[in-house]
Amino acid sequence: MSFKLQLSFIFRLMDDHSPLTNRIAVVTGASSGIGKAIAELLIQNGAFVANADIQEPSLAHTPDRYLFRRTDIGSGEEVQQFYDHVNSRLGQPSILICNAGRGIHERLAEGDPDKWFRVINTNLMGNLRILRSFLPGMLSTGKAEIVFTSSVAAANAYEYGGIYSATKAALNMIAETLRLELKENARVTVIAPGVVETAFFHNMESGGPTVESIGYGALSGQEVAETVLFALTRTRGQVINNITLRPVKQSF
């Protein structure tokens with residue numbers, strides 16, 4: 001039995017209580033952190049998930065509803081290969097979570113432009129490549145939904161944060177432009193978390209802040225994922241375009 005036929009059989013067995021049942025979602029950066037929490041929660045609510053990440057995932061359950069292909073979204077060739085793989089194995093997605101991102105903590109007068117490029121290429125251009133690849137087909141499903149993982153840093157300048165904040169501010173503008181261009185043909189949501197307890201700070205391109213050194217406390221990846229789920233499960237006649245969530249002690 002082909003993989004798609006197996007999926008069809010599974011579809012018939014699953015109930016229809018969740019609005020995500022039988023939906024196919026693409027999540028960038030879903031091997032750890034916020035992306036992993038989103039992927040797990042979508043699967044728990046009946047969706048199939050395809051993960052584009054440079055790291056092997058640690059998701060240990062429901063392998064029949066989870067597809068991973070190692071993908072550097074900063075590479076147009078690898079994005080095309082991921083797109084072909086998802087469509088041949090799962091079919092046409094209707095949900096896209098643009099979540100992958102890299103951090104950097106450098107002063108603009110002292111930083112490394114090559115590192116800046118890598119951050120911009122992932123946070124902005126990488127997610128744009130994924131969007132451009134999947135969006136046309138998603139619109140044909142009649143249920144297209146795009147979620148961007150942004151940051152409170154998009155609207156708050158801070159020392160050492162110019163490059164990272166700029167990528168998130170640009171992503172916010174992309175999301176708002178997309179909302180205007182697509183109107184009722186798709187729902188577009190921006191999730192802007194404050195400090196989140198993930199491996200993000202350990203995997204930064206450069207710089208060394210930690211949750212402890214920032215000092216505001218932190219959200220969990222699960223809490224951010226639950227917010228994404230809330231946005232995705234609204235009735236079709238409404239859309240939540242922007243959600244900001246922070247630890248209660250965070251001042252910006």
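Colleague: What are the ground rules for the model?
Modeller: It is predicted: local features need pLDDT of at least 70, side-chain atom pairs count only at pLDDT 80 or more, and totals for chains, interfaces and linings use all residues. Residues are numbered from 1 along each chain as its sequence is written, and side-chain values use heavy atoms, with hydrogens and water left out.

Colleague: What makes strand E5 largely enclosed?
Modeller: Buried means under 20% relative accessible area, with a 1.4 Å probe and protein chains only. Six of the six residues of E5 (residues 144-149) are buried, so the rest of the structure largely encloses E5. Ala144, Ile146 and Phe148 point one way, Glu145, Val147 and Thr149 the other way, and all are buried. Strands here are DSSP runs of at least two residues, and helices are H or I runs of at least four, numbered from the N terminus.

Colleague: How do you know that E5 pairs with strand E4?
Modeller: Pairing needs at least two DSSP bridges between two strands. E4 (residues 95-98) and E5 have four, and run parallel. Cysteine 98 stands opposite phenylalanine 148. Isoleucine 95 has glutamate 145 as its bridge partner.

Colleague: Which strand pairs with E5 over six bridges?
Modeller: Strand E6 (residues 186-193), also in the parallel sense. There, valine 190 is the bridge partner of phenylalanine 148.

Colleague: What is the strand order of the open sheet?
Modeller: Its seven strands run E3-E2-E1-E4-E5-E6-E9, with parallel pairing. Strands E3 (66-70) and E9 (242-245) are the edges, since each pairs on one side only.

Colleague: How is the packing of helices H3 and H4 described?
Modeller: Two packed helices are described by the angle between their axes and the distance between the axes. Axes are lines fitted to C-alpha atoms, for helices over the stretch in contact, and angles run from 0 to 180 degrees between N-to-C directions. H3 (residues 76-89) and H4 (residues 113-139) pack at about 35°, with axes 10 Å apart.

Colleague: Which residues of H3 and H4 meet?
Modeller: Contact means heavy atoms within 4.5 Å. Among those that meet are Phe82 and Tyr83 in H3, and Ile130 and Phe134 in H4.

Methods: Buried < 20%, exposed > 50% of the residue type's maximum accessible area, 1.4 Å probe, protein only.
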